[in-house]
Amino acid sequence: MQKQFFLRKNFKTASASATATTKMITTGKLYLVPTPIGNLEDITLRALRVLKEVDLILAEDTRTSAPLLKHFDIHQKVFAHHQHNEHQSSNEIIRFLKEGKNIALISDAGTPAISDPGFYLVREAVKNEIVVECLPGATAFVPALVNSGFPTDRFCFEGFLPLKKGRQTRYKFLAEEERTIILYESPHRFMKTLEEMSIYFGADRQISVSRELTKMFEETVRGTVEEVKTYFETHPVKGEFVICVAGK
């Protein structure tokens, strides 16, 4: 239960002084700040400025974000905001925003709320008429899509497919999709996903698989589902995967 009130404990003194002058303080702003998906050079100058100027930073995993913040000499207080505590902590965050504090939300990599925590907090901020500003920046599916060679004028982003319930139904629905389909997948489920794609999309459906984007061993493999599956049977299945599927 103590973790649910991490913000209250650490900002007790600040809250007391802020409460006395609430009427004099304008509402703070919630910033959604994209972080590099691999290469640290991909962070923007604007993102660095915001992270250095806000009153506190919310991170999906403070241990993952620590090296990034240290590298760029950012010393703001950092608190955990992830899928397991976002509902409990959001009320505290909204309160501090109303007291005039500016807060930045970052995920482990990429843009917050894209297959990462963030949606719920943004929705609550909007409900409370708090200004939300999302900075442009790194996200994995855009370079994977552009690099795939598939049509980019119309596409659908599905993120991670359901693990169990509804997975088969989703495959059947997507099998009829005419737009380019974008999926995320983890390395330990990747080969199984290719097998399922062969069943529902057909072994001859064209796909493009990108892994380790922006990193040293970045790789994009294009071909039919069967060809890509054969390739990865003899090559490393490591890193996070972005799978682009040609529309029907």
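User: What handedness does the crossing of H9 and H10 have?

Analyst: H9 passes H10 in a left-handed crossing. Left-handed means that the near helix is turned anticlockwise from the far one by less than a right angle, and right-handed means clockwise. A word on the source: this is a predicted model, where local features need pLDDT of at least 70, side-chain atom pairs count only at pLDDT 80 or more, and totals for chains, interfaces and linings use all residues. Residues are numbered from 1 along each chain as its sequence is written, and side-chain values use heavy atoms, with hydrogens and water left out.

User: What are H9 and H10, and at what angle do their axes cross?

Analyst: H9 is the helix of residues 187-200, and H10 is the helix of residues 225-232. Helices are DSSP runs (H or I, at least four residues), strands are runs of E (at least two), and both are numbered from the N terminus. The two axes come within 9 Å and cross at roughly 155 degrees. That angle makes H9 roughly antiparallel to H10. The cut-offs are under 35 degrees for roughly parallel, over 145 for roughly antiparallel, 65 to 115 for roughly perpendicular, and oblique for the rest.

User: Which residues of H9 and H10 meet?

Analyst: From H9 come Phe-190, Met-191, Leu-194, Glu-195, Met-197 and Ser-198. From H10 come Val-225, Glu-226, Val-228, Lys-229 and Phe-232. Contact means heavy atoms within 4.5 Å. By class, this contact has 7 nonpolar, 1 polar and 3 charged residues.

User: How do you know that the length of H9 agrees with its 14 residues?

Analyst: The expected span is 1.5 Å times one less than the number of residues. For H9 that should be 20 Å, and its end C-alpha atoms are 20 Å apart, so the two agree.

User: Which residues of H9 are called buried?

Analyst: Phe-190, Thr-193, Leu-194, Glu-196 and Met-197 are buried. Buried means under 20% relative accessible area, exposed means over 50%, and partly exposed lies in between (1.4 Å probe, protein chains only). Their cover includes helix H8, strand E7, strand E8, H10 and strand E10.

User: Why does Lys-29 count as partly exposed?

Analyst: Its relative accessibility is 22%, so Lys-29 falls in the partly exposed class. Lys-29 is found in strand E1 (residues 29-32).

User: What is the distance in space between Lys-29 and Ile-103?

Analyst: They are 6.4 Å apart, C-alpha to C-alpha, and 74 residues apart in sequence. Leaving aside neighbours within four places in sequence, the contacts of Lys-29 include Ile-103 and Val-131.

Definitions and conventions: Axes are lines fitted to C-alpha atoms, for helices over the stretch in contact, and angles run from 0 to 180 degrees between N-to-C directions. Ala, Val, Leu, Ile, Met, Phe, Trp, Tyr, Cys and Pro count as nonpolar, Asp, Glu, Lys and Arg as charged, and the others, Gly among them, as polar.
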